[in-house]
Amino acid sequence: MTNAMYTLPKAELHLHIEGTLEPEMVFALAERNGMELPFASVDDIRSRLDFTSLQPFLDLYFECGAVLRTQQDFHDLAAAYLTRAHEQGLRHVEMFFDPQGHTARGVPVDAVIDGLLSALAEAHEEWGITGGLIMCFLRDLPVESAFALLDSVAHRVDDLIGVGLDSTEVGYPPELFEQVYAHARGLGLHAVAHAGEEGGPEYVSGSLDLLKVERVDHGIRSLEDPELVERLRAAQVPMTVCPLSTVRLAGVPTMADHPLPRMIEAGLLVTINSDDPSYFGGYVGDNYLAIQQTFGYDNLAMAGFALNSVTASFASDARKDELR
Ligand code: ADE
Ligand code: ZN
């Protein structure tokens with residue numbers, strides 16, 4: 001891994017920690033936790049990664065994620081990811097996690113948070129990696145569940161960077177979560193949301209207007225609304241684009257069809273991220289490499305994406321200065 005795309009110092013801002021669960025770890029954790037799996041083998045899981053849209057991916061993601069049971073499991077998951085993150089040049093990581101997927105199985109939210117935080121603390125100690133946790137609400141669950149989750153962590157908001165919104169997008173618009181986000185922002189949390197991944201540009205404008213998000217996750221369908229593009233450009237709202245994810249989820253037929261070049265030409269502040277790397281065929285450096293190979297960006301342009309990732313992060317100004 002000596003390619004410059006792996007050594008370029010960068011931040012990752014769109015990474016679901018459950019989406020780093022490699023098939024080998026699915027089997028190891030199932031064994032440790034005494035669980036039967038609905039999969040015959042590691043290869044059986046790998047044979048299911050040819051998704052036609054977001055939903056079939058989410059179904060598999062939650063099925064595999066069911067092996068995560070204990071604080072140790074969450075620690076081990078994040079530690080494995082952070083080792084790869086270090087190998088791919090990451091210096092700062094803002095990690096999404098989906099507590100409602102775990103509390104529904106009886107896992108205490110504190111076990112999830114403590115497991116993830118312990119791995120982040122070790123990565124800081126060992127490699128100087130900074131970052132933290134962004135707690136996501138599953139948008140296809142009732143809003144009351146999101147409120148209950150937020151209440152359950154209100155005593156430890158200092159352990160979180162912010163809140164996000166993920167899972168099935170279409171049919172679950174941002175307006176549903178206006179009050180939850182107001183409450184979260186009132187607690188001092190940053191706000192981001194998936195928008196315009198499969199949903200239209202109105203999901204992006206709704207997230208800006210109602211949820212007051214500071215970054216848009218994916219946001220690729222924003223391009224369908226020129227006024228929205230101008231708004232995103234003028235305010236330099238960061239977009240966390242995940243190229244391999246969009247191809248795997250059939251948002252575009254091939255990488256060459258990805259709207260990334262049009263987003264850049266429009267003057268948007270674009271960052272490159274991996275989303276769910278164990279499901280989409282690559283970690284963050286692999287995403288950098290894929291777009292460089294497809295679009296022919298030179299190393300200076302690629303360093304621009306890395307710089308954007310630092311600018312768009314929620315790191316302190318002092319840490320941003322260090323990272324630039
Ligand atoms: N949860 C994990 N990955 C996701 C994605 N790409 N979109 C929406 N929800 C997700
Ligand atoms: Zn995502």
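Start with C136, whose bridge partner in β4 is G164. This is a predicted model, where local features need pLDDT of at least 70 and side-chain atom pairs count only at pLDDT 80 or more, while totals for chains, interfaces and linings use all residues. Residues are numbered from 1 along each chain as its sequence is written, and chains are lettered from A and ligands numbered from 1 in the order in which they are written.

That bridge belongs to the pairing of β3 (residues 130–138) with β4 (residues 162–166), which is parallel and has five bridges. Helices (H or I, at least four residues) and strands (E, at least two) are DSSP runs, numbered from the N terminus. Strands pair if DSSP finds at least two bridges between them.

Now the whole sheet. Eight strands form an open sheet in the order β1-β2-β3-β4-β5-β6-β7-β8, paired in parallel. Its edges are β1 (10–16) and β8 (269–272), each pairing on one side only. From one strand to the next, the twist averages 25 degrees.

Next, the helices. Helix α9 (residues 178–186) packs on the sheet and touches β3, β4 and β5 (190–195); contact requires C-beta atoms, placed from the backbone, within 7 Å. The direction of α9 makes about 150 degrees with that of β5. Axes are lines fitted to C-alpha atoms, for helices over the stretch in contact, and angles run from 0 to 180 degrees between N-to-C directions.

Helix α8 (residues 143–153) has an axis that comes within 9 Å of that of α9, crossing at roughly 10 degrees. The two helices are therefore roughly parallel to each other, the term for angles under 35 degrees. On the α8 side the contact uses V143, A146, F147 and L150, and on the α9 side V180, H183 and A184.

Finally, the ligand. Which residues surround ligand 1? They are H16, G19, L54, Y61, D166, S167, H194, E197, S245, D275 and D276, counted by a C-beta atom, placed from the backbone, within 6 Å.

The unreviewed UniProt entry annotates H14, H16, H194 and D275 as "binding site"; such annotations may be inferred rather than shown by experiment. These positions span 262 residues in sequence, yet no two of their C-alpha atoms are more than 11.7 Å apart, so they gather at one spot. H194 sits in strand β5.

Definitions and conventions:
Two residues are in contact if their C-beta atoms, placed from the backbone, lie within 7 Å. Angles under 35 degrees count as roughly parallel, over 145 as roughly antiparallel, 65 to 115 as roughly perpendicular and the rest as oblique.
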